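Let's walk through this one together, question by question. Have the sequence and the 3D view ready.

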Amino acid sequence: MDDQISSTTPSYGFQHDEEEEHRADKHVNSLQDEAADFSLKEAVADVPEEDEILDLAGGAKDALERHRSTLPRTEEPLLDFAEPEPSSISKPEPEAAKPALISAFGDATTKPTKSEEKEEKTTVTPSKSSCSLVDLLYWRDLQRTGVVFGASLFLLLSLSVCSIISVLSYVALALLSVTISFRIYKGILQAVQKSEDGHPFKMYLDKDIAIPTEMVHKYSDTALVHINTVIKELRRLFLVEDLVDSLKFAVLMWILTYVGALFNGLTLLILGLIGAFSWPVIYEKHQAQIDHYYGLVNKQIKDVVGKIQAKIPGAKPKTE
């Protein structure tokens, strides 16, 4: 009996201990669950709503702007809520080079070729001969224009007094006297100084003065065009293609008969030379007045011609 009691007593104590440990673990787990639920509720309660977040961010940004306005220019704020640059957020991949679109008027970035540049220069810039002639007539270079005008006027006045053969002979003798005298003077000077300067006109003797064939063809073609135009115009006037134009030409020839009785050809050339070197300067200074009076005279002439055309049968233009 004592043996049975001693054998069952330990088993009862062991089961009692296990039940105590189980109840303790269960209590601890319940406490942990309650603590987790409490912390979760506090976290949820502390999370602000979306509108509150936006209000807080806007207020912080306004405060930062006011703080920046009070700072001197040398200082910088510690915080910067500015939006990040697009380049720092994402760097897009470089696009492939696209071919430039060519419009109907051409691309402004395309460079013209050498041939196109030459064509533009030839079409825009006038020729050197025309520029030099305009400079002479408008007295741009006083010294050069004075020499040309004086030499031309002296030659025409000499031709009006003497024959053309005499004038050419005297001009040739004057040039030869100057060149021979200078040649002898330089030869004597070289002999005295024992120098070897050579011929005084060597620079001009070595210079090529041959007329290029391109220039000859250019001016011959231009002269041929003008000659053909004059021939066609004379044929039209003499064969009375237009009666009014033929009458105008007849009146002009009748006036020239009186001019020829008063002046000869050289006198007309002298007057033309003087007018060519004086009229452009006068017109440049008094252009407004000259254009005004020219318009009045031209209008009167047109009225008279219109009256004559109305009275002459068959003299009206074909378009009317």
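Q: Are tryptophan 254 and tyrosine 258 buried or exposed?
A: This is a predicted model, in which local features need pLDDT of at least 70, side-chain atom pairs count only at pLDDT 80 or more, and totals for chains, interfaces and linings use all residues. Residues are numbered from 1 along each chain as its sequence is written, and side-chain values use heavy atoms, leaving out hydrogens and water. Buried means under 20% relative accessible area, exposed over 50% and partly exposed in between (1.4 Å probe, protein chains only). By that rule, both tryptophan 254 and tyrosine 258 are exposed.

Q: Which helix holds tryptophan 254 and tyrosine 258?
A: Helices are DSSP runs (H or I, at least four residues), numbered from the N terminus. The two residues sit 4 residues apart, about one turn of the helix, and both lie in helix α10 (residues 243-262).

Q: How many aromatic pairs does the structure hold?
A: Rings of Phe, Tyr and Trp (its six-membered ring) pair if their centres lie within 6.5 Å; planes under 30 degrees apart count as stacked, over 60 as edge-to-face and the rest as tilted. The total comes to 7 aromatic pairs.

Q: What is the angle between the planes of phenylalanine 149 and phenylalanine 277?
A: Phenylalanine 149 is in helix α6 and phenylalanine 277 in helix α11 (residues 265-285), 128 residues apart. Both are buried. Their pair is tilted, at 5.0 Å centre to centre, and the angle between the planes is 50°.
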